[in-house]
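Dear colleague,

Please find below the structure that I am handing over to you. My notes on what was found in it follow directly after.

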Amino acid sequence: MRARKSIALVLALTAALALLAARPVLAKGSLETDEMGRQVVVPSHPQRLIGLIPSLTEVFFALGLGDKVVGATTWADYPPAARRLPRVGAYVSPNLEQIVALKPDLVVANKEGNPPWVVHRLSGMGVPVYVTVPVAPEELPASLAKLGAVLGAPEAGNKLAAELKAQFAEVARRLKGVKPRPTLLVIGSRPLVSAGRDTMNHRLLELAGGINVASASSQRWPRLNLEFVVDAKPEVIIVSTMERGQNLGRELEYWRKLPGVGDRPGVRVGSIQSDIIDRPGPRLGLGLMKLAALIHPERFAPEKAQ
């Protein structure tokens, strides 16, 4: 009997030691649930960060963690310091070997921007990956606050969230009572591509006091023909400066002179930097403010639109 108890005690101690051995990382961090519901061991204060979409790199810098960022994807170009970071490839197909070689102690991915295999393979290689999920613009402040807490910068995260909320509230205050205006957001001119209703751009247009004329399409990024646009009668046309090598002046002139569209009386044509309305990050409030000012300039004094 005594021998059995000894064996049982040894087995129990062995099991306990095995559990302790399995938790050394936990002792250095915490078990967090990411926005996909996955549990990830996150260092309490990550020292080597990589964001797998440009907006995440922006968020890191805005949280005061720029000196912790060791790599970024191809188009991560804001703030300017981000342009000097080692590249790990495009966000749709990042180079996993390069990521591992940079020895990140945390990679932050995005469900919409990064394919699932990226998360699975990195996790399988022992790299902690915290996944964010795209949210409606109104939900972004809470998401930023949470990410700040996960990254060990809760105060900075709360500050970002508060600033974004204040910008959204200011736009809503200025637009109170306005009549929404039919608006065409031009993502690409040839072929003509706009934003469908299941996009952040669509929701931003609504918050900015516009009616997205492309919302009738079931596609996220619908290709439109000019007959459709003529029938839709947009009062505002906004060209997003997304295309690389784009000649913006020529582009705006094209839309202003387009028969039955831009040359109609009262139609206004303007442009907006795509980064501030495409990236769910700290500059989204600025993007909303500029969109609203383009659609309802009468509600925005010029100095407030900057």
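In these notes, helices (H or I, at least four residues) and strands (E, at least two) are runs assigned by DSSP and numbered from the N terminus. Please bear in mind that this is a predicted model.

Overall make-up

The chain has 306 residues, 45% of which count as buried. Twelve helices and ten strands are found in it. Of the contacts in the chain with a separation of 6 or more, 59% are between residues 24 or more positions apart. The accessible surface of the chain is about 15600 Å², and carbon and sulfur atoms contribute 58% of that surface.

The parallel sheet and its helices

An open sheet is formed by four strands in the order β8-β7-β9-β10, with parallel pairing. Its edges are β8 (210-212) and β10 (268-272), each of which pairs on one side only. On average, and ignoring direction, neighbouring strands of this sheet are turned by 35 degrees against each other. Strand β9, residues 236-240, pairs with β10 through five bridges in the parallel sense. Within this pairing, serine 240 is placed opposite isoleucine 272 of β10.

Helix α12 (residues 284-295) packs on the sheet and touches β7, β8, β9 and β10. The direction of α12 makes about 170 degrees with that of β10. Helix α8 (residues 200-207) lies across β7 (181-186) and β8, and its direction is at about 150 degrees to β8.

Is serine 189 buried or exposed? Its relative accessibility is 5%, under the 20% limit, so serine 189 counts as buried. The side chain of serine 189 is in polar contact with the side chain of tryptophan 255, at 3.0 Å.

Other backbone features

Most residues other than glycine have a negative phi, and most peptide bonds are trans.

Proline 79 belongs to the loop between β4 (69-72) and α4 (96-101).

Lysine 103 has a positive phi, near 55 degrees. This residue is in the loop between α4 and β5 (106-110). Lysine 103 has a relative accessible area of 62%, which is over 50%, and is therefore exposed.

Lysine 233 has a positive phi as well, near 50 degrees. The loop that holds lysine 233 runs between α9 (226-232) and β9. With a relative accessible area of 48%, lysine 233 is partly exposed.

The covered helix α3

Helix α3 (residues 54-62) is mostly covered, with eight of its nine residues buried. Which residues of α3 are buried? They are Pro54, Ser55, Leu56, Thr57, Glu58, Val59, Phe60 and Phe61. These buried residues pack against β3 (49-51), β4, β5, β6 (129-132) and α6. Just after α3 comes glycine 64, whose phi is positive at about 80 degrees.

The helix pair α6 and α7

Two packed helices are described by the angle between their axes and the distance between the axes. For helix α6 (residues 140-150) and helix α7 (residues 154-174), the angle is about 170 degrees and the axes are 7 Å apart. Angles over 145 degrees count as roughly antiparallel, so α6 is roughly antiparallel to α7. From α6, the contact involves Leu140, Pro141, Leu144, Ala145, Gly148 and Ala149. On the α7 side, the contacting residues include Pro154, Gly157, Leu160, Leu164 and Phe168.

The loop between β6 and α6

Alanine 136 is located in the loop between β6 and α6. This alanine is partly exposed, its relative accessible area being 30%. The C-alpha atom of alanine 136 is separated by 7.3 Å from that of arginine 203, although the two residues are 67 positions apart along the chain.

With kind regards

Technical notes:
Residues numbered from 1 in each chain as written. Predicted model: local features only at pLDDT ≥ 70, side-chain atom pairs only at ≥ 80, totals over all residues. Heavy atoms only, no water. Buried < 20%, exposed > 50% of the residue type's maximum accessible area, 1.4 Å probe, protein only. Contact = heavy atoms within 4.5 Å. Areas by Shrake-Rupley, 256 points an atom, 1.4 Å probe, with all protein chains shown as cover. Pairing = 2+ DSSP bridges. Axes fitted to C-alpha atoms, helices over the stretch in contact; angles between N-to-C directions. Polar contact = N/O pair within 3.5 Å; in protein donor to acceptor, adjacent residues only side chain to side chain. Parallel < 35°, antiparallel > 145°, perpendicular 65-115°, else oblique.
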